[in-house]
Amino acid sequence: AFGVIADIQFADAEDGYDFGGSRRRYYRHSLRLLRDAVRAWAGESPPIDFVVQLGDSVDGLNARRGEAEDALQQVLEALGQLPVPVHHAWGNHELYNFSRARLVHTGLCSRPAGGSDGPPDRDCQAYHCSPAARLRLVVLDAYDLSTLGRDPGSPRYQESLRLLREKNPNNDLNSPAGLREPHFVAFNGGFSQAQLDWFDEVLKLSDENQEKVVVMGHLPIHPGASNGVCLAWNYEAALSVIHSHRCVVCVLAGHLHDGAYCQDSHGVHHLTLEGVIETPPESNAFGTIYVYEDKMILKGRGRIADRVMHF
């Protein structure tokens with residue numbers, strides 16, 4: 001069993017609204033909801049084995065207020081009350097607050113030091129682990145290709161900007177207006193070919209070992225688990241890797257605060273979790289997933305519905 005939560009986006013600030021000005025964001029209350037989730041997970045019986053935090057743990061508002069380090073510390077302290085590992089995805093809001101170089105030295109860097117559990121490129125934060133027999137967790141770095149959090153003079157930044165500008169001619173690169181492929185916006189990102197090659201090798205081993213694989217990352221990689229905008233740039237390439245293997249049973253993502261779900265043509269479940277940040281204080285948005293030989297059962301709290309996902 002493991003806990004799932006997405007888009008906490010904590011800031012010690014009064015309630016505000018999203019970029020469109022229409023959706024309420026409960027910045028300060030999100031930390032209290034996280035603490036409620038931690039207490040619930042701590043009381044699970046049998047106990048949970050780990051937690052996945054699907055990115056955007058702190059809001060970009062913190063950077064403008066000079067409070068990024070303090071906000072992150074409070075989120076990590078809340079999660080630190082758990083006696084189990086927490087696997088973190090990096091989202092766009094982490095990268096509004098910190099450079100990738102800085103994030104590596106925070107508690108949000110859950111890729112183990114050394115070893116062969118991730119791509120050879122140490123800058124890529126993808127990794128895999130086996131939290132239980134015949135179960136593998138793969139954490140993808142959905143901002144491996146991105147203009148966020150990188151030095152504008154770096155080759156990866158230049159490559160990402162070139163790709164983005166090819167697909168998005170808008171002056172505001174965060175605007176999907178008029179785009180044929182509306183997911184090519186700056187608040188999304190993508191996967192380098194090196195990461196995709198590594199992902200393919202990991203799944204090949206899992207096929208051979210008859211493992212079930214759960215994939216997690218901040219960005220959805222299937223249009224059916226998205227709104228058409230909140231989607232990885234090269235989601236088709238990631239799906240192609242998954243569909244060339246038998247082992248992946250579920251892909252977990254955040255980013256889209258409304259949440260979404262689909263089961264694709266290959267039987268893979270794509271679950272996008274509702275965001276804590278837009279959850280009213282009297283509700284919540286987290287869950288516990290119980291893994292069996294033939295299914296996963298999500299027990300949701302608050303805005304997150306219960307779900308049975310058969311393999």
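The lining of the second largest cavity comprises eight nonpolar, two polar and no charged residues, where Ala, Val, Leu, Ile, Met, Phe, Trp, Tyr, Cys and Pro count as nonpolar, Asp, Glu, Lys and Arg as charged, and the others, Gly among them, as polar. The model is predicted, with local features requiring pLDDT of at least 70 and side-chain atom pairs pLDDT 80 or more, while totals for chains, interfaces and linings use all residues. Residues are numbered from 1 along each chain as its sequence is written.

A cavity is a set of points on a 1 Å grid over the protein atoms alone where a 1.4 Å probe fits but cannot get out, and lining residues have an atom within 4 Å of a point. Volume is the space filled by probe spheres set on the points, which are joined across faces, edges and corners. Two cavities of 30 Å³ or more were found. The largest cavity has a volume of about 70 Å³; among its lining residues are His-88, Trp-90 and Leu-140.

Six strands form an open sheet of mixed pairing in the order β5-β4-β1-β12-β13-β14. Strands are DSSP runs (E, at least two residues), numbered from the N terminus, and two strands pair if DSSP finds at least two bridges between them. Because β5 (86-88) and β14 (307-310) each have a single partner strand, one side of each is left without a neighbour in the sheet. Strand β4 (residues 50-53) pairs with β5 in the parallel sense over three bridges, and Gln-53 stands opposite His-88 in β5.

Methods:
Heavy atoms only, no water. Helix = DSSP H or I, 4+ residues; strand = E, 2+ residues; numbered from the N terminus. 1 Å grid on protein atoms, 1.4 Å probe; cavity = no way out; pocket = protein on both sides within 12 Å on 5 of 7 lines; lining within 4 Å.
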